[in-house]
Protein chains: 2
Amino acid sequence: MRVAVLTIGNELLSGKTINTNASWISNILSSEGANINRHLTIPDKKEAIIDGLDLLFKSKIDLIVCTGGLGPTDDDITREVVFDYFGSEEVFDDSYWNYLSDKFLNAGYQLFESSKSQALIPNNGDIIPNDLGSARGLLYKKNNTTLMVLPGVPMEMKGMVSHSIIPWVKNKIVSKIYSANLRTTGVPESVLFEKVKKIDFNSEDINVGYYPSLYGVDIRISHTDKKLLDEFRILIAKSINKYIYALGNESIENVLVNKFLNQKLTISTAESCTGGLIGHRLTNVPGSSEIYHGGLITYSNQSKINDLDISAKSIEDFGAVSQEVALEMAKNIRAKLKTNVGISTTGIAGPGGGTDLKPVGLVYVGYCDENILEVKKFNFTSNRESNKIRTSQAVFNFILSMI
Amino acid sequence: MRVAVLTIGNELLSGKTINTNASWISNILSSEGANINRHLTIPDKKEAIIDGLDLLFKSKIDLIVCTGGLGPTDDDITREVVFDYFGSEEVFDDSYWNYLSDKFLNAGYQLFESSKSQALIPNNGDIIPNDLGSARGLLYKKNNTTLMVLPGVPMEMKGMVSHSIIPWVKNKIVSKIYSANLRTTGVPESVLFEKVKKIDFNSEDINVGYYPSLYGVDIRISHTDKKLLDEFRILIAKSINKYIYALGNESIENVLVNKFLNQKLTISTAESCTGGLIGHRLTNVPGSSEIYHGGLITYSNQSKINDLDISAKSIEDFGAVSQEVALEMAKNIRAKLKTNVGISTTGIAGPGGGTDLKPVGLVYVGYCDENILEVKKFNFTSNRESNKIRTSQAVFNFILSMI
């Protein structure tokens with residue numbers, strides 16, 4: 001199935017908003033076996049929308065997923081233009097209007113007359129329900145192409161794709177492209193590439209892509225023959241086994257929380273340079289409250305000393321960014337919160353604070369459990385936010401190697 | 001000047017990689033006054049690239065900025081296809097090849113034969129230099145449209161845009177579009193819209209866009225007349241003053257850290273439902289170590305009692321998610337870390353843990369300074385990650401209203 005994603009919005013073209021809608025939709029529909037053929041982004045302008053629709057309806061596309069411009073303000077013109085494009089008559093949906101009015105009243109707001117557009121439906125197209133917002137979607141068919149129009153608010157769009165579009169796609173797909181993803185971290189792309197290249201397998205027509213990011217390198221393989229793909233995936237997994245933390249799309253914090261749940265282990269965190277990011281990522285995982293007791297963000301030296309009982313002498317002798325302090329932090333947080341595992345981070349996130357001996361990006365990560373007390377040193381060289389993300393990823397990878 | 005951005009890459013269409021190149025290019029060229037008219041993303045396929053070029057050369061575009069597919073590996077086909085498209089003859093650039101070979105040798109690598117493509121130049125087009133990588137760009141003119149082809153590696157692309165494209169654009173721009181951004185939070189888009197609509201200003205041709213996200217609603221206005229735009233911006237700012245946290249693109253945590261720095265105040269955090277996100281966002285701001293002493297992530301009840309001295313009776317009587325506990329948390333963290341301000345979050349992030357009385361999305365935020373101890377209640381109704389983000393935003397907004 002050939003799919004095009006049409007995103008409408010001046011904010012996308014001005015670069016104000018990164019087009020995560022297009023990539024999210026593409027990612028989820030690709031994983032169902034659809035072939036995403038084109039992304040087109042156009043401004044909130046009548047002629048541009050008509051041109052875009054004309055262009056995509058003329059291409060050999062089975063499904064056009066369109067987002068943006070369904071809201072109640074006057075820069076939201078997509079509904080009107082689409083109605084026009086298909087010669088739709090506007091029908092006012094009283095029951096939906098009453099439902100919306102009640103909902104807004106319950107939240108303490110009055111629904112304005114300008115929101116009436118939210119209750120307009122076409123006489124010759126279908127409506128796609130929206131459980132999370134007021135703007136419902138539209139569905140039209142023309143020749144062999146289906147157009148689905150969704151709001152641009154990511155949360156609402158995502159709910160509608162999951163509830164309405166995915167079942168539709170699943171039902172229609174004939175020749176499916178299978179793909180598999182292997183997630184690695186802590187190893188450069190080129191090393192993975194050389195290892196995978198050496199695998200002895202007649203895999204010339206298997207598509208292999210390498211996708212580096214701050215979180216590591218993902219390897220994505222795809223082919224129409226599932227059996228062949230599985231065989232190749234097993235060979236890759238064997239050859240780079242020690243770098244892989246997930247087969248699929250699971251995040252490393254998900255893998256970690258589930259491993260802790262399975263082994264009935266608990267964890268606590270003492271964060272300096274990551275400033276709460278590790279706790280944040282752990283608590284993004286539903287059910288993490290069973291394994292994560294909490295932690296300390298000891299951003300100042302004083303807080304390390306007062307709240308985590310780090311010896312002032314260690315800080316004076318070795319500096320707050322040192323393996324000695326990292327080890328003490330991990331040990332003390334574990335004891336303080338009475339968990340199986342305690343971990344710590346201390347480093348120089350940047351942009352300031354670096355010296356020749358301790359440059360920006362230098363990070364120590366401490367790990368402590370019943371039997372082991374260990375520290376790892378990293379030299380990241382990016383900017384502040386990147387260094388924090390790389391550190392958190394290294395922490396999760398370190399823990400996974402220990403339990 | 002009308003600009004189109006053409007991005008080439010299977011990883012963009014599969015949704016594996018978010019298209020930050022298109023938004024970065026758009027953002028920087030818009031701020032120079034260019035009008036970004038279209039984004040088109042196509043796969044690494046010969047026919048798709050030819051179709052894409054045909055389409056854009058047929059539109060009324062002054063400049064096409066194209067990225068991706070100039071590298072040395074065999075899935076990089078852009079150079080070859082573009083040469084073909086313009087009937088270019090390949091000329092081998094010996095001096096560039098020697099330069100590259102030396103550069104690689106100095107870095108301890110050998111240059112592979114497969115990299116020879118990097119030294120090919122066209123007989124009928126220009127070369128755009130690349131200081132940060134081996135793939136140089138291409139420049140062609142056809143009728144009134146200029147095509148610039150750049151590598152997709154963000155760092156290299158950005159260097160080339162800054163050095164070569166921006167000066168070119170600056171030189172060509174005649175009628176510049178000015179824009180301004182106002183950032184709000186804690187208020188629905190429709191309420192802002194109604195207020196802005198009532199402003200008495202002959203502003204019919206000023207473009208006003210509303211951009212809602214989990215962080216709030218941004219209002220972006222643009223016009224070719226800077227004086228007119230400024231006048232209108234001042235009127236908007238007056239009419240919705242209490243909802244605005246920034247004029248421009250600054251994040252709310254940036255605004256907050258700078259306000260604390262200016263007033264020489266310090267802050268500490270006691271996070272339950274946000275699990276470290278507030279600390280993380282504060283510490284994303286360079287210089288935050290001056291104002292943020294640290295905090296506690298008290299994710300379990302036991303940790304609230306043991307580490308933050310919350311009375312077990314409060315938790316028993318009112319529950320961990322209650323205004324009483326939120327207040328105690330804010331008060332105790334402030335005392336413990338000896339900061340001017342202490343803040344706290346406790347809530348039900350979801351998806352589990354909700355009851356009829358305390359549903360998913362219920363959040364209490366506590367604030368404590370020398371004179372004031374206050375709590376706010378919020379009812380967010382989204383998923384776990386969204387509830388955490390909304391809570392952190394509400395916390396920052398709450399603090400800004402108090403100091």
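Hi everyone, a few ground rules before we look around. Residues count from 1 along each chain as its sequence is written, with chains lettered from A and ligands numbered from 1 in the order in which they are written. Since the model is predicted, local features need pLDDT of at least 70 and side-chain atom pairs count only at pLDDT 80 or more, while totals for chains, interfaces and linings use all residues.

Let's start with chain A as a whole. Its C-alpha trace spans about 80 × 60 × 40 Å along the principal axes. You'll find 14 helices and 17 strands in chain A; these are DSSP runs numbered from the N terminus, helices being H or I with at least four residues and strands E with at least two. The domain assignment, which is automatic or from a database, gives domain 1 (2-172), domain 2 (178-247) and domain 3 (252-402). The centres of domain 1 and domain 2 of chain A, taken over C-alpha atoms, are 35 Å apart.

Of the 403 residues in chain A, 46% count as buried. Buried here means that 20 or more other C-beta atoms, placed from the backbone, lie within 10 Å of the residue's own; 12 or fewer makes a residue exposed, and anything in between is partly exposed.

Now, please find helix α2 (residues 20-31) of chain A. What covers them? After α2(A) comes A:Gly33, with a positive phi near 100°.

Next, a trio of strands in chain A. Strand β8 (residues 145-150) pairs in the parallel sense with β3(A) over five bridges; pairing requires that DSSP finds at least two bridges between the strands. Strand β7 (residues 137-142) also has five bridges to β8(A), but these two run antiparallel. Look at A:Met148: it is the bridge partner of A:Val65, and A:Leu139 stands opposite A:Met148 too. The hairpin of β7(A) and β8(A) has two residues between the strands, and there A:Asn143 takes a positive phi near 50°.

On to the two chains together. How many residues of chain B are in contact with chain A? There are 66, touching 67 residues of chain A, where contact means C-beta atoms, placed from the backbone, within 7 Å. Strand β2 (residues 35-42) of chain A runs antiparallel to β2 (residues 35-42) of chain B, joined by three bridges, with A:His39 partnered by B:Thr41.

My last stop is an open sheet of 10 strands with mixed pairing, in the order β17(A)-β16(A)-β15(A)-β13(A)-β14(A)-β14(B)-β13(B)-β15(B)-β16(B)-β17(B). At its edges sit β17 (373-379) of chain A and β17 (373-379) of chain B, each pairing on one side only. Within the sheet, β15 (residues 341-347) and β16 (residues 362-368) of chain B pair antiparallel over six bridges, and B:Gly342 stands opposite B:Cys368.

Conventions
Two residues are in contact if their C-beta atoms, placed from the backbone, lie within 7 Å.
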